[in-house]
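The sequence and structure are shown first.

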Amino acid sequence: MPKIVDRAERRREIAGALLRIVAREGVEAVSVRSVAMEAGVSAGAVQKYFSTKEDLFRFALDMTSEFLEQRWNTLDQSGNLLDLLLRLLIEAMPLDEQRRAEVIVINAFTARAAVRPSWAEFIRTGYDELAEMMAQYLSKAQSAGHVRDDLAASDLADAVLALSDGFANRMLTSADPAALLASLEASVRTLLTPRI
């Protein structure tokens, strides 16, 4: 009797292999062959589940969002919304191998998007959705008095996301991530603390 393969799970395993390669060796090391070796499958199996390398990168990028959401869901959601926002932002920082791979894949995809319109649209859509979610969160925090309300939530959302992206990129090469985390917290608190 032939073995039944869970297609969705196999795709996740292959994309996970890509993330591990990126974390260890960088995007340049990614090929159908290297991903197949890392995943313990044949190159033909990789191509069966992903018709192009771009499809594989896109799926891996989607997985990074899922991983982040899973980490967010494990956080204590109680208390001051500004404090919770800082905990959420820290979960997006490359502080371990998994999160480092996620940031590298996002950066690689963003760099390719500069010259590929279909990728640019995919990235733009993702960022627009994230900015909208952040603006809704900050609007709620403004209503609760936890975040300044003298600026539009959408403007604050853009600023917070830019800070988060910048700090994540700096942490990829930093010798002192703890110092950068402290600086991230200080920057976000300076930006968002309610004005008296």
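## Basis of the description

Residues are classed as nonpolar (Ala, Val, Leu, Ile, Met, Phe, Trp, Tyr, Cys and Pro), charged (Asp, Glu, Lys and Arg) or polar (the others, Gly among them). The model is predicted, with local features needing pLDDT of at least 70 and side-chain atom pairs counting only at pLDDT 80 or more, while totals for chains, interfaces and linings use all residues. Residues are numbered from 1 along each chain as its sequence is written, and side-chain values use heavy atoms, leaving out hydrogens and water.

## Second largest pocket

On a 1 Å grid over the protein atoms alone, a pocket is an open set of points with protein on both sides within 12 Å along at least five of seven lines, a cavity is a set where a 1.4 Å probe fits but cannot get out, and lining residues have an atom within 4 Å of a point. Points are joined across faces, edges and corners, and a volume is the space filled by probe spheres set on them.

The second largest pocket has a volume of about 290 Å³. Its lining comprises 13 residues, with W72, Q77, L88, M133 and Y137 the closest to the centre. Helices α4, α5 and α7 each give two or more residues to this lining (helices are DSSP runs of H or I, at least four residues, numbered from the N terminus). The largest share, five residues, comes from α7. By class, the lining has nine nonpolar, two polar and two charged residues.

## Largest pocket

The largest pocket holds about 900 Å³ of space. Among its 33 lining residues, S65, L68, I106, Y127 and L130 lie nearest the centre. Two or more residues come from each of α4 (53-73), α6 (97-113), α7 (117-143) and α8 (153-171). The lining divides into 16 nonpolar, eight polar and nine charged residues.

## Cavity

The whole structure has one cavity of 30 Å³ or more, and the largest cavity has a volume of about 30 Å³. S31, V32, V46, F50, T52, K53 and L56 line the largest cavity; four are nonpolar, two polar and one charged.

## Packing of α5 and α9

Helices α5 (residues 81-90) and α9 (residues 177-192) pack at an angle of about 140°, with axes 11 Å apart. Axes are lines fitted to C-alpha atoms over the stretch in contact, and angles run from 0 to 180 degrees between N-to-C directions.

In contact (heavy atoms within 4.5 Å) are L82, D83, L85, L86, L89 and I90 of α5 with L181, E185, V188, R189 and L192 of α9. This contact has eight nonpolar, no polar and three charged residues.
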